[in-house]
Amino acid sequence: MRNPRGRLGWGLLAGALGAAVVGTRLWSAADRNTAAVLDASTPQAADAGRPALPPLPAHAQPLKAVPCEFTALLAEYRQGRASPAYRRYVREQIRGLVESRSEDVHWRHLGQEQDADVLALLADTWVLRYAMEGQSHILERLVDRVRETPDARLRAVLIRSLQQTGEPSTQLLGIQVLKGRDVYRDWVTDAAPEVRAAAVENFREEAARDAGRYRVVAERAVSLSTVADDSATAAGLLGASSIEAVRGPSVAQVRTLLQSAQSPDVRAAAARALATSPVAELSASLDALAARYSAEPDASVREALLESISRLGLSRAVPVLERLRDTNAAARDEVAPWLALLAEQPQRWEVLDTARRSRR
């Protein structure tokens, strides 16, 4: 009879050998699967337990990796018109490249671009260079590009990009950068309405940075309104900002326009501008508004005059309006609504204006 312990030992040895064989096979299978995953280009990479993916349509194009490079990003921006969100993303990527990108490469694209949308991006980021570096030649090149561009629509795009300077370009270009070249005077008298409108838009945007009371911007706007040939441009300049912070000569220029401007639009804009006169000029402006009312032939200008008298004087305007009301029957009808509003004794123009709008 054999020893049971011997039989047990042989059994354990056989089991161990069997486990080793099975383990070797499992290891080989796992190794083959790993290789298949790593080499997805081979047919063996497909999982046999899943159905194969359908083939791509013939017209489909695989996604391309886009390098973070100026030229490639511009191409993406140009092609991304259907997605404003994607264009905003690409725009921020391009803005992030401004400091590291060659100035010559940037300018070559800007100088050749004819698409208004893409040019706006290139011009904005070009002016951003000036905001970062403070180099005068950056703005000088942009101004030269405006002068050399025949397309008025593109000239307007370039002018609006000056809003990116971080400081009032309306003052900056004529003093610090261009040393006396008055380009804004050229732009507000340009033959193209797009160019004139872009210049006025810059004044309006710059004035808004200081709650509409930016003195140098307001004085510049008033000065240019006196030379603008187009009435819409002159009126736009007068309405671009409050004149609350300007000095006496600028207020006098506005009063002159109120009295002598040929266009009713300009006279109305001058009247509304005087409603924001400095405290020191309040009495003189109130007198000028009242004097003009009696001689004004245009109903829309008379309405602007009454509005400004009420806004400028509030409770002090009541005796002025009462005198104007008694001049003739038409004046009674025009003045009466303003006296009714002032009878409520509003302490601020905003309150009076809200009440006026609610009664319309």
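Is Q345 buried or exposed? In this predicted model, Q345 is exposed, with a relative accessible area of 61%. You'll find Q345 in the loop between α18 (329–342) and α19. Its backbone is worth a look too: phi of Q345 is near 55°, a positive value in a residue other than glycine.

L314 is another residue to check for its phi. That angle is near 50° in L314, again positive in a residue that isn't glycine. L314 sits in the loop between α16 and α17 (317–325). With a relative accessibility of 15%, L314 counts as buried, because anything under 20% falls in that class.

| Residue | Relative accessibility | Class |
|---|---|---|
| R145 | 7% | buried |
| L314 | 15% | buried |
| Q345 | 61% | exposed |

**R145 and its surroundings**

R145 belongs to helix α6 (residues 136–148), and at 7% relative accessibility this arginine counts as buried. What does R145 touch, leaving aside residues up to four places away in sequence? The list is W107, L110, G111, E113, Q114, L119 and L158. As for L158, that residue is 13 residues from R145 along the chain, and the two C-alpha atoms are separated by 8.1 Å.

**Helices α13 and α15**

Now for a pair of helices. The axes of α13 (residues 248–260) and α15 (residues 282–295) come within 10 Å and cross at roughly 5°. That angle makes α13 roughly parallel to α15, since angles under 35 degrees count that way. On the α13 side, the contact is made by V251, R255, L258 and Q259, while α15 brings A284, S285, A288, L289 and R292. Sorted by type, the residues of this contact are five nonpolar, two polar and two charged.

**The largest pocket**

If you're looking for the largest pocket, its volume is about 680 Å³. The pocket is lined by 29 residues, and those nearest its centre are S242, E244, A275, T276 and R311. Which helices each supply at least two residues of the lining? They are α12 (231–238), α14 (264–274), α16 (299–313) and α19 (349–358). Helix α14 gives the most, with five residues.

Conventions. Residues numbered from 1 in each chain as written. Predicted model: local features only at pLDDT ≥ 70, side-chain atom pairs only at ≥ 80, totals over all residues. Heavy atoms only, no water. Axes fitted to C-alpha atoms, helices over the stretch in contact; angles between N-to-C directions. Helix = DSSP H or I, 4+ residues; strand = E, 2+ residues; numbered from the N terminus. Parallel < 35°, antiparallel > 145°, perpendicular 65-115°, else oblique. Contact = heavy atoms within 4.5 Å. Nonpolar A, V, L, I, M, F, W, Y, C, P; charged D, E, K, R; others polar. 1 Å grid on protein atoms, 1.4 Å probe; cavity = no way out; pocket = protein on both sides within 12 Å on 5 of 7 lines; lining within 4 Å. Points joined across faces, edges and corners; volume = space filled by probe spheres on them. Buried < 20%, exposed > 50% of the residue type's maximum accessible area, 1.4 Å probe, protein only.
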